[in-house]
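Trainee: Could you show me how to read the way helices and strands pack against one another in a model like this?

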Amino acid sequence: MKAFRILTTLIILISLVSCSSKKQSEEEKNQKPNIIYILADDLGYGDLGVYGQTKIETPNIDALAKGGMLFTQHYTGAPVCAPARASLLTGKHGGSVSIRGNDEWAERGDVWSYTAMLRDSTLEGQRPMPKNTTTISQLLKSANYKTGIVGKWGLGAPQTQSIPTEMGFDYFFGYNCQRQAHTYAPVHLYENDHRFHLKNDTIAPHEGTGNDGNPLDEKTYEKFYQPDYSPTLIFDKMMGFIEKNKKEPFFMYWASPIPHVPLQAPKKWVDYYVKKFGDEKPYYHKNKGSYFPARNPRATYAAMVSYLDENVGKLVTYLKKEGLYENTLIIFTSDNGPASPGDGGADSEWFNSSGIFKNNYGRVKGFTYEGGIRVPMIATWPAKIEAGSKSNHISAFYDVLPTFNEIANVKTDYESDGISFYNALTNENKQEVHEYLYWEFAGYKGQVAVRMGKWKMVWKNIKTGNKEVELYDLDIDIQEQNNVMEQHPELLEKFFEIIKKEHTTPENSSFIIEALETI
C-alpha cells in the first residue's frame, strides 16, 4: 500500500510538471510578438506627413510614428523592386543576393504581352530565386510563426520553386508578377499557387483611352474604373489571414503595390483631392503609353497614398479591438525612392516626394543617390518601443532579417549581411553599428554605392566604362551636389577594398558588371 501511494504521488508530480511545462511553453509562445511589415511601392522619403509632406494626408501612418519610432537613416537594399525585395527577404546586400536587378526572364517568350500571359501562365512572373534560398519567412516558421504575404511578389514565376508558398509563406494573395501589377484592375491575382479570377475586363497595362473623347471629360477614362480594385481585395485577404491566426504568433508581409503607377484609386479619394487641388492638366494618351491615362493625375496619386493610409488605420483599429496591438511590431517603409517626375503621370516633383533629397531624374528610383535608396521607416510596438521616439541609426533592408530573428528568438546558423537593430528599437542595450552599407545594382548601366559614416561614395554608369567615383559628405551635403573625391583620395582606395570584399560573382549572367570582376 505504501509503495502504491508513492507511485501515485510520483505520477501526480510528473503530470503537474508536464502540465506546468506545457503551460510555460504556451505562455512563451504567446509572448512572442506578432510582426507586420508594410512595404509601400515607390513611396518617396517625403511622401508622408511625418517626413514633411504637405499636400497628401497620411494621418494613420503619421499616428504610427507618434506612437512609436521614426527612423531618419534607413535604406532599401536596391533602388528598384525585385532586388530590394530579395535583399529584404534574404538579409543579403546587392553584392551577395541572388537577384540584383529587375529580370523579366525574357528568354521564355513574349513576357510583356498581357494577353499572352493570360493564355500561358509560364510567361508570368520574374526570374526565380535559387531553390536553396533562405528567407525571413522560413526562419520565422521555424520559431512557430504563421507566415503570410499579400500584395506584390516579383521573385519567382508561377510553377517555379520560388513562389511564396515554396519560400516559407503559409499563405499568399496578390500579384505574382510585377509586370501585371501595372494595372490595379487585373483579370486575376494569385491565391497561394493558383489563379484567383476577378470581375474585371481585360485591359492590358499601358493601354490608352482607345477613344476620341475629350481629355477634360472624366467619361473618357471610364474603362479604367473596374469592379475589383486589387488593393481592396489584397487588404481584405490580409485581414482574413490575421483573423484566422490571431491566437498564435504571426508574421504578415503586406507588400502593397501602392503608389506605383498606373494612377488608379477609389473615386471617393480622387474626388476628395480634386476638390482640394483644383483643376489640373490630364495625363492623356489615346494609344499605348507608359501607363494608363488619368484625368486628374495629381489627385489620383494623392488618393492612392491616402487609401493605403486609410487601410493602415483600419488594421490598427482591428488590432486594438482584438487586444493584439500592444504586442505587435508594425514596421512601415517603402521599397525604394519615388518614380521620376512625369513617369506614368506621377508628379513627384510637385509633391516633393523625395523630401530633403534631389527629386530629378537620375536622383530617384533606379539610382543609388539618397533619393533613390533612403526610405521612410516607422516602427511601433507599444510593449517595447517608446512613443514619439526618433532614431538616427543607419540601417538597411538586409538588417530586417537578423532583427526579426532576434525578436522571435530564432535559432539558426544562417549568416546574413545585416545587423539586428533590435536595440535601436527598444534601447535595451547598446546598438551595434555598421562600419559601412553596401549597394550593388546591375540595372541602369550598373552602379555601386557605399555609405560609411558621413561619407557616401557613388560609382555609376559602370557598364558604359565610367571610372569616376563620386564622394559626398552627407553631414553638410545631403543632396549630394559637391563631389569631394579629389580631396580624399585615401577613401577611394578604401572604397575598392570594400567592393573586393563584398562583391561575389552572380550566378545569373545578366547581373554581371564586368568591371567588378577584376577588382
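Trainee: Which residues in H2 meet residues in H8?

Mentor: In this predicted model, Pro 59, Asn 60, Ile 61 and Leu 64 are the residues of H2 that meet H8, where their partners are Asp 309, Glu 310, Val 312, Gly 313 and Val 316. Sorted by class, the contact of H2 with H8 has five nonpolar, two polar and two charged residues.

Trainee: At what angle do the axes of H2 and H8 cross?

Mentor: The axes of helix H2, residues 59–67, and helix H8, residues 297–321, cross at roughly 50 degrees and come within 7 Å. Because of that angle, H2 is oblique to H8.

Trainee: Now for the sheet: in what order do the four strands lie, and is the pairing parallel or antiparallel?

Mentor: As a general idea, the strands of a sheet pair through backbone hydrogen bonds, either parallel or antiparallel. Here the four strands form an open sheet with antiparallel pairing, in the order S12-S13-S14-S15. Strand S12 (437–441) and strand S15 (470–473) are the edge strands, each pairing on one side only, and the twist from one strand to the next averages 10 degrees.

Trainee: How many bridges join S13 and S14?

Mentor: Strand S13, residues 447–452, and strand S14, residues 455–459, pair in the antiparallel sense over five bridges, and Ala 449 stands opposite Val 458 in S14.

Trainee: Which helix packs on the sheet?

Mentor: Helix H13, residues 489–502, packs on the sheet and touches S12, S13, S14 and S15, while its direction makes about 110 degrees with that of S13.

Key
Residues numbered from 1 in each chain as written. Predicted model: local features only at pLDDT ≥ 70, side-chain atom pairs only at ≥ 80, totals over all residues. Heavy atoms only, no water. Axes fitted to C-alpha atoms, helices over the stretch in contact; angles between N-to-C directions. Helix = DSSP H or I, 4+ residues; strand = E, 2+ residues; numbered from the N terminus. Parallel < 35°, antiparallel > 145°, perpendicular 65-115°, else oblique. Contact = heavy atoms within 4.5 Å. Nonpolar A, V, L, I, M, F, W, Y, C, P; charged D, E, K, R; others polar. Pairing = 2+ DSSP bridges.
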